[in-house]
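Here's a friendly walk through a protein fold for someone meeting it for the first time. Have a look at the picture, then read on.

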Amino acid sequence: MDFKRFFKSNGFKLFVACCFIAAGISILTFVPGANLIPKIVDCIVTPMQMVSNDFTDAAASVLPKNQKSADEYEKEIKNLKTELVRMRAILVDYYDVKRENAQYLKFYGFKKQNKSLKFKTAEVIARDPNDLFYGFTLDKGSSDGVCENDPVITENGLIGRVSAVREHSCRVKTILSPEYKMGAIDAETGDSGVVTGKKSLADINQTALMYISAQNKIKPDDIIVTTGLGGICPKGLPIGKVAETKNDDYDSSFYAVIMPFDDVKNVIDVFVLTDFSGKGEIAAELMPKPAKN
């Protein structure tokens with residue numbers, strides 16, 4: 001065994017240090033006044049204990065006395081989420097009412113001039129992506145008094161007619177469609193024609209006033225309204241304003257390009273005119289009369 005290396009090792013040095021510490025403590029125990037050591041230690045430790053106790057008391061006063069459980073917090077969060085959903089629904093209703101009120105305000109002027117008008121408010125609930133002329137479905141049907149061919153308008157003017165009716169819904173053909181035909185007149189010049197759609201105009205939210213005279217006096221920005229002839233639509237419903245007059249590519253006849261007063265492709269809220277003065281007059285005249293006895 002290499003004693004020289006052993007005495008130089010860290011383990012031996014630690015052992016010697018422990019022996020000296022133990023001897024020192026033993027000597028202090030018998031030395032007069034050695035009891036000062038515990039007192040000195042006590043003087044250092046006691047203030048630290050007081051500070052610790054004060055800190056603990058202060059923390060206890062800040063923290064809630066009755067700590068809520070996780071289940072209670074979860075229940076409160078659930079209730080808050082439910083209330084948030086309810087408030088959002090109220091907000092949506094508010095905006096709907098506000099929008100409807102704005103519509104009624106504009107429509108009221110026309111209604112005062114046509115006191116015989118009866119109508120149903122309706123909302124677009126579906127659009128046919130395959131319809132090139134932007135027809136749509138409304139949330140009103142026969143149970144609401146809606147009939148086929150009833151005019152469909154917004155607060156700004158005519159946009160179409162009812163083409164098919166179910167009990168609780170109906171389909172609308174717009175004035176952008178070539179299948180739609182309505183007698184119309186230039187409110188300023190008196191030039192008349194038939195409003196009907198053209199494929200080349202539908203995508204840009206325009207329609208046409210067809211079959212106008214070659215000597216017409218129609219000019220841009222003239223207002224086009226319904227004639228009321230045929231009993232299909234009340235007289236004087238605004239349709240749109242003239243953009244320009246052109247020659248038809250197929251038969252060289254004249255027509256006017258009409259810009260509707262509303263965005264027919266994107267309407268949401270409408271009015272269905274269920275009754276008005278003169279409704280169905282021609283249809284009634286064409287009915288067979290009862291035979292005389």
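## Strand β12 and its partners

Let's start with strand β3 (residues 151–153) and β12: they run antiparallel and are joined by two bridges. A word on terms: strands (E, at least two residues) and helices (H or I, at least four) are DSSP runs, numbered from the N terminus, and two strands pair if DSSP finds at least two bridges between them. Within this pairing, I153 has F271 as its bridge partner in β12. This is a predicted model, where local features need pLDDT of at least 70 and side-chain atom pairs count only at pLDDT 80 or more, while totals for chains, interfaces and linings use all residues. Residues are numbered from 1 along each chain as its sequence is written, and side-chain values use heavy atoms, with hydrogens and water left out.

β12 also pairs with β1, again antiparallel, this time through six bridges. Here A122 stands opposite V270 in β12. How much of β12 is buried? Six of its seven residues are, so the strand is largely enclosed by the rest of the structure. Buried means under 20% relative accessible area, exposed means over 50%, and partly exposed is in between (1.4 Å probe, protein chains only).

T137 stands opposite R171 in β5. In the loop between β2 and β3 you'll find N149. Its phi is positive, about 80°, although N149 is not a glycine. Most residues other than glycine have a negative phi. N149 counts as partly exposed, at 29% relative accessibility.

## One aromatic pair

Rings of Phe, Tyr and Trp (its six-membered ring) pair if their centres lie within 6.5 Å; planes under 30 degrees apart count as stacked, over 60 as edge-to-face and the rest as tilted. The count by this rule is one aromatic pair. It is made by F119 and F271, with ring centres 5.4 Å apart and planes at 90°, so it is edge-to-face.

What does this pair tie together? F119 sits in strand β1 (residues 118–127) and F271 in strand β12 (residues 269–275), so the pair links parts that are 152 residues apart in sequence. F271 counts as buried at 1% relative accessibility, whereas F119 is partly exposed, with a relative accessible area of 25%.

## Strand β8

Over to β8, which is mostly covered: five of its six residues are buried. Y211 lies in this strand but is exposed, with a relative accessible area of 57%. Y211 also has a positive phi of about 60° although it is not a glycine.

β8 pairs with strand β7 (residues 192–196) in the antiparallel sense over three bridges, and T196 stands opposite A208 in β8. Strand β11 (residues 254–260) also runs antiparallel to β8, with four bridges between them. In that pairing, T207 stands opposite I258 in β11.

## The largest pocket

The largest pocket has a volume of about 270 Å³. On a 1 Å grid over the protein atoms alone, a pocket is an open set of points where a 1.4 Å probe fits, with protein on both sides within 12 Å along at least five of seven lines; lining residues have an atom within 4 Å of a point. Grid points are joined across faces, edges and corners, and the volume is the space filled by probe spheres set on the points.

Which residues lie nearest the centre of this pocket? They are G197, K198, M210, D248 and Y250, out of 15 lining residues. α5 (199–202), β8 (207–212) and β10 (238–247) each supply at least two residues of the lining.
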